[in-house]
Amino acid sequence: MSRRYTGWDKDSPGKRAGLEKLVDLLEEHFGLWNNGSWGPRRKRGKSSPSVHGTGRAADLSWRGAPYKGSGNYEAAVRMMDFLTRPDVAEAFKIEAVFDYYPGPHGRGWKCDREAWQVYNKPAFSGAPGGDWVHIEISNTHADDPDYINHWFLHLIGDMPPTAAPAPAPAPEVTPMRAYPGTSLRRGSKGEHVKLVQQVVGAHPDGDFGPKTEAAVKAWQSAHGRKPDGVVGPKTWGSMFP
């Protein structure tokens with residue numbers, strides 16, 4: 001049965017325990033990692049507020065080493081199939097699931113249509129090719145981690161967890177991953193800019209333009225950094241620990 005989609009209603013003063021519990025369980029079972037949950041900000045490249053500010057939304061990434069994800073898009077597909085299963089979507093009051101990876105411009109599932117839609121024109125920044133999934137839940141269980149935990153264990157049933165990736169050797173710090181020595185900002189160009197664009201979900205063309213600046217600001221806001229759109233040593237260190 002379809003439900004009304006809430007979207008942004010108001011910013012929360014902090015993280016909400018029900019949503020965070022769901023993210024923790026999804027991370028553990030499907031081999032993805034939390035790429036950002038609560039954080040009042042604007043939508044990337046837009047003036048309207050992001051649902052992240054409500055504490056009911058999170059991005060989960062399957063990006064592999066040196067990050068914690070499996071590196072396997074199929075792990076993300078398994079998670080999305082689970083979340084949009086009718087009984088699961090109803091139990092957790094899933095409101096939206098957005099997949100940034102496939103072409104032409106990603107795809108989305110929403111509770112008011114209970115179906116996937118492939119986007120043939122730009123719908124959100126970072127698609128196609130984004131290695132994360134955006135999920136939203138309603139207010140109903142956003143503050144109830146016990147409910148989320150109980151029903152997750154019940155609904156996951158015998159579904160096996162995603163196999164953990166083989167441990168990768170510790171990467172050597174190469175000049176490309178090391179801080180370039182000067183801040184990257186609008187007008188910067190080159191391979192270091194491409195690395196930043198891959199992290200923030202901007203088109204990796206090596207040209208630090210206004211869209212990359214907006215994506216950097218959104219990333220900084222979501223990760224507790226001053227959203228100035230400049231990749232200095234502190235922001236770089238957070239992006240490439």
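**Reading the model step by step**

A: Let's start with a proline: Pro-128 is found in the loop between strand 5 (115-118) and strand 6. Helices (H or I, at least four residues) and strands (E, at least two) are DSSP runs, numbered from the N terminus. This is a predicted model, where local features need pLDDT of at least 70 and side-chain atom pairs count only at pLDDT 80 or more, while totals for chains, interfaces and linings use all residues. Residues are numbered from 1 along each chain as its sequence is written, and side-chain values use heavy atoms, with hydrogens and water left out.

Q: What is the peptide bond from Ala-127 to Pro-128 like, cis or trans?
A: The bond from Ala-127 to Pro-128 is cis, with omega near 0°. The peptide bond from Gly-103 to Pro-104 is also cis, with omega near 0°, and Pro-104 sits in the loop between strand 3 and strand 4 (107-110).

Q: How do I find empty space in a model?
A: Rolling a probe the size of a water molecule over the atoms shows where empty space is left. On a 1 Å grid over the protein atoms alone, a cavity is a set of points where a 1.4 Å probe fits but cannot get out, and a pocket is an open set with protein on both sides within 12 Å along at least five of seven lines; lining residues have an atom within 4 Å of a point. Grid points are joined across faces, edges and corners, and a volume is the space filled by probe spheres set on the points.

Q: How much space lies in the largest pocket, and which residues lie nearest its centre?
A: The largest pocket holds about 770 Å³ of space. Its lining has 37 residues, with Ser-125, Gly-126, Gly-201, Ala-202 and His-203 nearest the centre. Helix 5 (191-200) and helix 6 (210-222) each supply at least two residues of that lining. By class, the lining has 16 nonpolar, 13 polar and 8 charged residues. Here Ala, Val, Leu, Ile, Met, Phe, Trp, Tyr, Cys and Pro count as nonpolar, Asp, Glu, Lys and Arg as charged, and the others, Gly among them, as polar.

Q: What about the second largest pocket?
A: About 470 Å³ of space lies there. Of its 23 lining residues, Lys-43, Phe-98, Tyr-100, Phe-124 and Glu-136 are the closest to the centre. Strand 6 (residues 132-137) gives the most to this pocket's lining, with 3 residues. The lining of the second largest pocket divides into 10 nonpolar, 5 polar and 8 charged residues.

Q: How many cavities of 30 Å³ or more are there?
A: The count comes to 1 cavity of 30 Å³ or more. The largest cavity has a volume of about 50 Å³, and its lining includes Asn-35, Arg-41, His-52, Asp-59 and Trp-219. Helix 6 gives the most to the lining of the largest cavity, with 3 residues.

Q: Which residues of the largest nonpolar core touch the most other members?
A: A nonpolar core is a set of buried Ala, Val, Leu, Ile, Met, Phe, Trp, Tyr and Cys residues joined through side-chain atoms within 4.5 Å. Of the 34 residues in the largest one, Leu-22, Leu-26, Phe-82, Phe-92, Ile-94 and Ile-135 touch the most other members. Helix 2 (73-83) is among the elements that supply at least two residues of this core, and helix 2 gives the most, with 8 residues.

Q: Which residues is Phe-82 in contact with, leaving aside its neighbours within four places in sequence?
A: Contact means heavy atoms within 4.5 Å. On that basis, the partners of Phe-82 include Leu-26, Phe-30, Phe-92 and Phe-152.

Technical notes
Buried means under 20% relative accessible area, exposed over 50%, partly exposed in between (1.4 Å probe, protein chains only).
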